[in-house]
Amino acid sequence: MPHTSLASTEPLTSRSFALAKSEGRKLSMVTCYDYTFARLLSQTNLDGILVGDSAAMVMQGHPSTLSASIEMLRLHTEAVSRGAPGKFLVADMPFLSYRKGMPAALDAAHTLLTAGAQAVKLEGVDGHEDVIQRLVQSGIPVMGHLGLQPQSVHAYGGYRVQGREACSAREILRRSAAIEELGAFAIVLECVPRALAQEITAARSIPTIGIGAGPDCDGQILVLQDLLGLNLDFQPKFARPFLEGGRSVLRAFDEFDEAVKTGAFPAPEESYS
Ligand code: KIV
């Protein structure tokens with residue numbers, strides 16, 4: 001079994017991200033929202049876990065991440081933290097939680113950190129530079145998120161690749177510099193052209209973690225349900241399923257159903273005397 005990531009030797013911290021980049025080591029992250037999967041992830045070499053606001057979609061069935069609340073993310077963060085106490089845990093700042101003034105932003109971050117996160121992620125930079133700076137100055141590691149920012153879905157008019165035009169590419173590059181300047185320890189780049197991700201990765205000293213941003217980022221992150229192929233209705237182009245999880249789960253449910261209805265389950269050895 002290959003054990004080459006930082007996680008195999010010592011738990012990752014936000015400080016290890018810069019080191020990994022300087023040593024050319026790729027970083028692997030996955031989202032997680034519950035205790036059972038967190039327990040499994042804790043037994044892997046994956047470098048970090050994100051309790052993403054995608055919880056609103058994949059766990060709660062909402063059509064976008066806008067429905068994620070701080071209370072929702074607190075509960076998911078606590079569950080993941082209980083399941084994977086040794087893993088580096090980042091939690092998402094939900095929609096608008098960092099745009100309602102400094103006390104509200106600090107309260108939101110406080111909730112996530114006391115729920116077990118070691119860092120927070122927030123989308124964009126323009127208009128909340130002060131929040132990023134204050135969080136960093138308060139000892140809270142901050143991860144940025146550029147490119148497709150799902151919390152801005154209505155401004156985009158849908159989930160679209162960002163940075164295809166020269167001017168929007170320049171904007172994303174500029175914002176990546178601003179985020180680094182404000183003290184963030186890493187930046188998620190979501191759904192941008194490979195060449196732009198490569199340019200940003202080369203220009204920044206903090207690592208880029210890509211999702212739909214090509215292979216040149218310093219690390220990669222996937223949504224757990226996509227990675228495990230659990231969503232049978234939709235699989236984004238960039239989200240390689242590493243397991244046919246959905247089909248396997250359906251097969252197990254069907255086998256259980258049949259076994260119950262034919263009387264094959266439970267067997268005598270599965271019964272108490
Ligand atoms: O919430 C989430 O799942 C994310 C990933 C797409 C990085 O932010």
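The model is predicted.

R174 forms a salt bridge with D126, and their closest N and O atoms are 2.9 Å apart. The pair links distant parts of the chain. D126 lies in the loop between β4 and α6 (129–137), while R174 belongs to helix α8 (residues 166–181). The two are 48 residues apart. D126 has 32% relative accessibility, so D126 too is partly exposed. Salt bridges link D126, R174, E171 and R175.

How many salt bridges does the structure hold? The count is 13. Two others deserve a look.

Take D92 and K121. These side chains form a salt bridge, with the closest N and O atoms 2.8 Å apart. The pair again links distant parts of the chain, at a separation of 29 residues. D92 sits in strand β3 (residues 88–92) and K121 in strand β4 (residues 119–121). Are the two partners buried or exposed? D92 is at 2% relative accessibility, so D92 counts as buried. K121 also has a relative accessible area of 2%, and is buried. Buried means under 20%, so both values fall inside the cut-off.

Next come R194 and D216. Their side chains meet in a salt bridge at 2.7 Å, N to O. Here helix α9 (residues 194–203) supplies R194, and the loop between β7 and β8 (219–222) supplies D216. This pair links parts of the chain that are distant, 22 residues apart. R194 is partly exposed, with a relative accessible area of 46%. D216 is partly exposed at 22%.

Now follow the strands. Eight of them make a closed barrel, in the order β1-β2-β3-β4-β5-β6-β7-β8, with parallel pairing. From one strand to the next, the twist averages 25°. Strands of a sheet pair through backbone hydrogen bonds, either parallel or antiparallel. Strand β6 (residues 186–190) runs parallel to strand β7 (residues 208–211), and four bridges join them.

Turn to the cysteines. How many disulfides are there? The count comes to zero. A disulfide needs two cysteine sulfur atoms within 2.5 Å. C191 counts as buried because its relative accessibility is 10%. C32 is buried as well, at 0% relative accessibility.

L230, L232, V249, L250 and F253 make a nonpolar surface patch of about 430 Å². Where does F253 sit? F253 is found in helix α11 (residues 245–262). F253 has a relative accessible area of 55%, so this phenylalanine is exposed.

Notes: Residues are numbered from 1 along each chain as its sequence is written. This is a predicted model: local features need pLDDT of at least 70, side-chain atom pairs count only at pLDDT 80 or more; totals for chains, interfaces and linings use all residues. Side-chain values use heavy atoms; hydrogens and water are left out. Patches are made of residues with over 30% relative accessible area and no salt bridge: like charges are joined within 9 Å, nonpolar side chains (Val, Leu, Ile, Met, Phe, Trp, Tyr) within 5 Å. Accessible areas come from the Shrake-Rupley method with a 1.4 Å probe; for residues, only the protein chains shown count as cover. A salt bridge is a side-chain nitrogen of Lys or Arg within 4 Å of a carboxyl oxygen of Asp or Glu. Buried means under 20% relative accessible area, exposed over 50%, partly exposed in between (1.4 Å probe, protein chains only). Two strands pair if DSSP finds at least two bridges between them. Axes are lines fitted to C-alpha atoms, for helices over the stretch in contact, and angles run from 0 to 180 degrees between N-to-C directions.
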